[in-house]
Amino acid sequence: QASALGAHREAASLYRICLSFAHHLPAETQAEFFEDLSFENYLIDNLEEALRAREQATLIWERLGHDQRAGDCNRWLSRLYWTLGNKKEAEKYADRAIEILMNQPPGTELAMAYSNKSQLHMLAFEEEPSVEWGNRAIELAEKLGATEIFVHALTNVGSVESLQDFEGGHAKIERALKIAREKEMHDH
């Protein structure tokens, strides 16, 4: 509830409390709490704690053999490492996420992994691969009805396209922003 209301510091604090008593809970529940703690810390720019929590979630999912969840956590590790300024680790975890998720039925996790790869290229001003990965993400997100992933990928593609075609790229960014505001997507 705290997270839904935008009280992300409070949510992070509550997840820390939950995890301090979680040793008796099923491993899946613990992993979910670590994921949620990671996300809340990401939103409040507490990146080191976000990284540690995501690493814990990844270890649990890998141990349990939940490849889709482990793949998604690897994608998150990529994003966190990039935000912390470690491009090499970000790229490693992005590739690892895609590798894991390509062996699963195509789902939202794979679409977001594609968008993450697009974002890494966009942030490095690598236009062609950013658009390529972004369009893969957009296509899969549209098939799945995954609006948040569509918004993320459209922002990546629009950002990089605006370097060559400002009006066209800017229109994509504006469309993504409009959807994000309408859907109250705090991260986007």
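The largest pocket of this predicted model is lined by 19 residues, and those nearest its centre are Phe39, Asp72, Arg75, Trp76 and Glu148. A pocket here is an open set of points on a 1 Å grid over the protein atoms alone, with protein on both sides within 12 Å along at least five of seven lines; lining residues have an atom within 4 Å of a point. Residues are numbered from 1 along each chain. Local features need pLDDT of at least 70 and side-chain atom pairs pLDDT 80 or more, while totals for linings use all residues.

Helices H2 (27-43), H4 (67-83), H6 (108-123) and H8 (147-161) each give two or more residues to this lining. A helix is a DSSP run of H or I with at least four residues, numbered from the N terminus. H4 supplies the largest share, five residues. By class, the lining has 11 charged, five nonpolar and three polar residues. Asp, Glu, Lys and Arg count as charged; Ala, Val, Leu, Ile, Met, Phe, Trp, Tyr, Cys and Pro as nonpolar; the others as polar.

Two of these helices also pack together. The axes of H2 and H4 are 12 Å apart, at an angle of about 25°. Axes are lines fitted to C-alpha atoms over the stretch in contact, and angles run from 0 to 180 degrees between N-to-C directions. H2 and H4 are therefore roughly parallel, a term for angles under 35 degrees.

Which residues of H2 and H4 meet? Glu32, Glu35, Ser38, Phe39 and Tyr42 in H2 meet Arg69, Cys73, Trp76, Arg79, Leu80 and Thr83 in H4, contact being heavy atoms within 4.5 Å. These residues divide into five nonpolar, four charged and two polar.

Definitions and conventions: Heavy atoms only, no water. 1 Å grid on protein atoms, 1.4 Å probe; cavity = no way out; pocket = protein on both sides within 12 Å on 5 of 7 lines; lining within 4 Å. Parallel < 35°, antiparallel > 145°, perpendicular 65-115°, else oblique.
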